Amino acid sequence: MQPFTSHSGIAVPMIEDDINTDQMAPVAAMREMKPDYKKMLFMRQRAENPGFVLNKPQFSNPGILVTGNNFGAGSSREAAVWGMLANNIRAIVAKSFADIYRENCLQNGLLPVVLGPAEADAFIARVVAVNGSAPFTVDLRTQKISGPGGPDVAFDIPASDRTRLLEGLDDIGLTLKHTDEIVAFEKKLASTQPWLQQARDSRAR
């Protein structure tokens with residue numbers, strides 16, 4: 001997957017709670033032989049609501065999505081992440097994420113940023129005030145969000161998730177990264193446990 005170091009773009013204020021994966025990637029659109037993930041993202045809202053935030057000219061080229069609590073609730077469909085990436089949204093700033101959606105973000109190089117209530121509300125106010133007139137930058141290396149209207153905003157992310165995103169590693173990539181360590185551990189264990197070496201030798205035959 002594509003590594004994430006930093007990303008600059010227009011921040012889109014979609015300040016709602018419990019936005020679910022069916023809203024982001026409708027089932028009907030996923031049934032196509034070759035789904036258009038860019039077009040799929042929030043397809044119904046875009047078609048049925050002219051005032052929907054992504055229909056506004058200043059947000060036609062989004063880079064960062066800013067939202068509320070429990071973002072990504074619902075099913076585990078990865079298309080709800082692929083649609084974000086297809087629209088050049090590489091970071092989502094929320095008050096909280098649904099667990100499965102957050103994991104799918106990490107598996108696909110989409111950065112999920114969680115801010116505490118006070119920090120989130122202050123950042124939301126800045127994004128709303130800017131109204132798409134200038135970009136923000138999310139930097140995973142420094143773990144800060146910078147942009148107009150105020151000071152840098154620091155955010156926390158588990159070290160393992162940060163490494164995964166910076167190096168562009170999905171679960172398979174993480175396993176391969178530690179292959180040498182696993183082999184070294186098994187050799188060390190085998191030196192003190194002869195039965196383990198015998199088992200390894202029998203598998204190799």
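Accessible areas here come from the Shrake-Rupley method with a 1.4 Å probe, and for residues only the protein chains shown count as cover. On that basis, the accessible surface of the protein chain is about 10900 Å². Carbon and sulfur atoms hold 53% of that surface.

A word on what you are looking at. This is a predicted model, in which local features need pLDDT of at least 70 and side-chain atom pairs count only at pLDDT 80 or more, while totals for chains, interfaces and linings use all residues. Residues are numbered from 1 along each chain as its sequence is written, and side-chain values use heavy atoms, with hydrogens and water left out.

First, the overview. The protein chain has 11 helices and 7 strands. Those are DSSP runs numbered from the N terminus, helices being H or I with at least four residues and strands E with at least two. Of the 205 residues in the protein chain, 40% are buried. Buried means under 20% relative accessible area, exposed means over 50%, and partly exposed is in between, with a 1.4 Å probe and protein chains only. I will also speak of contacts, meaning heavy atoms within 4.5 Å. Taking contacts between residues at least 6 apart in sequence, 67% join residues at least 24 apart.

Now the cores. A nonpolar core is a set of buried Ala, Val, Leu, Ile, Met, Phe, Trp, Tyr and Cys residues joined through side-chain atoms within 4.5 Å. Which residues touch the most other members of the largest one? In that core of 28 residues, they are Met24, Phe42, Phe71, Met84, Ile92 and Tyr101. The elements giving two or more residues to this core are S1, helix H5 (79-86), S3 and H6. H5 gives the most, with 4 residues.

Take Met84 from that list. Leaving aside neighbours within four places in sequence, Met84 is in contact with Met24, Leu41, Phe42, Leu65, Phe71, Ile89, Ile92, Tyr101 and Leu110. There is also a second, separate core of 23 residues, which includes Val66, Val127, Val138 and Ile145.

Phe42, another of the residues named for the largest core, sits in the loop between helix H3 (37-40) and helix H4 (43-48). Phe42 counts as buried because its relative accessibility is 1%. Its phi is positive, near 50°, in a residue other than glycine. Asn70, in the loop between S2 and H5, also has a positive phi, near 55°. Asn70 has 28% relative accessibility, so it counts as partly exposed.

Tyr101 belongs to helix H6 (residues 99-108), where the buried residues are Tyr101, Asn104, Cys105, Leu106, Gln107 and Asn108. Thr21 lies in helix H1 (residues 21-24) and, at 2% relative accessibility, counts as buried.

Next, helix H7, residues 117-130. The expected span of a helix is 1.5 Å times one less than its number of residues. For the 14 residues of H7 that gives 20 Å, and the end C-alpha atoms are 20 Å apart, which agrees. Which residues of H7 are buried? They are Ala120, Phe123, Ile124, Arg126, Val127 and Val130. Seen down the axis of H7, these fall within an arc of 160°, so they line one face of the helix; the arc is that of the directions from the helix axis to the C-beta atoms. The face turned away from the buried side carries the exposed residues Pro117, Ala118 and Ala129. Cover for the buried residues includes strands S1 (6-14), S2 (62-67), S3 (91-94), S5 (136-139), S6 (144-146) and S7 (153-154). After H7 comes Asn131, with a positive phi near 55°.

Val138 is in S5 and counts as buried because its relative accessibility is 0%. Beyond four places in sequence, its contacts include Ile64, Ala91, Leu111, Val113, Ile145 and Phe155. Val138 and Phe155 are 17 residues apart in sequence and 9.8 Å apart in space, C-alpha to C-alpha.

Not counting residues up to four places away in sequence, Asp139 touches Thr5, Ser6, Lys144 and Phe155. The side chain of Asp139 reaches the backbone nitrogen of Thr142 at 3.3 Å.

Key. Polar contact = N/O pair within 3.5 Å; in protein donor to acceptor, adjacent residues only side chain to side chain.
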